Amino acid sequence: MKKFMVFILILSVSICFSKSITDFLYTYMVDLYNVQNNIAGSIVPVIVEDSEQLGLDPLLITAIFQHESRFKNVYGDNGDAVGIPQLHQNAVYYVCAFYPEIREKVKEINGHANLIKYPVLQVQIAIRYFYLIQRNLELSTLETIGKYNGRDDMYNIYTAKVISEYASILLAYEEYKIK
């Protein structure tokens, strides 16, 4: 477990200093998942910058979004989950409690259900939600991935699938760097 966490830390640091990660993620989303150029162009910089500012790996955050919705801006869980990161109302309001600027934006758009129209705000909220879970609950990365999806155990199918998505993204990024 410690070796895995050290690996993730080293990988995260090396990824954070790469200048091509934004271009990679844009190309990855547009080419592999047919994300519209304007959507990819608006959310990718937020994924990279906000993740890095909070000490998170943007590729891991991308893996979560990829698993949640394949980057589709849709309602899920019978309408309870919104957007690319599939945010539930309680997650949105949890983030609002810690980030007044996010709370104001959510108020301006009249709440959770209207987030569907604001992919950048969705991404900002989701990244902060992941960060707050990890920081406030003092969880490992694996535990945090599971908790993002409402799981209480570190080893679960959701976490396994996100880690699998993450591995695929890492491989694609390595291939991208050598082209």
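The entries below go from the overall fold to single residues.

**Ground rules.** This is a predicted model, so I take local features only at pLDDT of at least 70 and side-chain atom pairs only at pLDDT 80 or more, while totals for chains, interfaces and linings use all residues. Residues are numbered from 1 along each chain as its sequence is written, and side-chain values use heavy atoms, with hydrogens and water left out.

**Fold.** I found 9 helices and 3 strands in the chain. For these I use DSSP runs numbered from the N terminus: helices are H or I with at least four residues, strands are E with at least two. Along the sequence the pattern reads α-α-α-α-β-β-β-α-α-α-α-α. Of the 179 residues, 49% count as buried; buried is under 20% relative accessible area, exposed is over 50%, and partly exposed is in between (1.4 Å probe, protein chains only). I also looked at contacts, meaning heavy atoms within 4.5 Å. Among those with a separation of 6 or more, 57% join residues 24 or more positions apart.

**H5 against H6.** I checked how helix H5 (residues 89-98) sits on helix H6 (residues 100-108): their axes come within 6 Å and cross at roughly 130°. That makes H5 oblique to H6. Axes here are lines fitted to C-alpha atoms, for helices over the stretch in contact, with angles from 0 to 180 degrees between N-to-C directions. Under 35 degrees is roughly parallel, over 145 roughly antiparallel, 65 to 115 roughly perpendicular, and the rest oblique. On the H5 side I listed Val92, Tyr93, Val95, Cys96, Ala97 and Phe98, which meet Pro100, Ile102, Arg103 and Val106 of H6. By class the contact has 9 nonpolar, no polar and 1 charged residues. The classes: Ala, Val, Leu, Ile, Met, Phe, Trp, Tyr, Cys and Pro are nonpolar, Asp, Glu, Lys and Arg are charged, and the others, Gly among them, are polar.

**Largest pocket.** What lines the largest pocket? I noted Glu68, Asp77, Ala81, Gln86, Leu87, His88, Asn90, Ala91, Tyr129, Tyr148, Asn149 and Gly150. Strand E3 (87-88) and H5 are the elements that give two or more residues to this lining. By class the lining has 5 nonpolar, 5 polar and 2 charged residues.

**H8.** Helix H8 (residues 141-148) is mostly covered, with 6 of its 8 residues buried. Those are Thr141, Leu142, Thr144, Ile145, Gly146 and Tyr148. After H8 comes Gly150, with a positive phi near 85°.

**Thr159.** I found Thr159 in helix H9 (residues 157-178). Thr159 is buried, at 4% relative accessible area. Not counting residues up to four places away in sequence, Thr159 touches Leu142, Ile145, Gly146 and Met154.

**Pro119.** Buried or exposed, I asked of Pro119? Pro119 counts as buried at 12% relative accessibility, and its place is in helix H7 (residues 119-137). Leaving aside neighbours within four places in sequence, Pro119 is in contact with Ile39, Ile43, Asn73 and Ile84. Pro119 and Ile39 are 80 residues apart in sequence, yet 7.5 Å apart C-alpha to C-alpha.

**Ala113.** In the loop between H6 and H7 I looked up Ala113. Ala113 is partly exposed, with a relative accessible area of 44%. Its C-alpha is 8.2 Å from that of Asp80, 33 residues apart along the chain.

Key: 1 Å grid on protein atoms, 1.4 Å probe; cavity = no way out; pocket = protein on both sides within 12 Å on 5 of 7 lines; lining within 4 Å.
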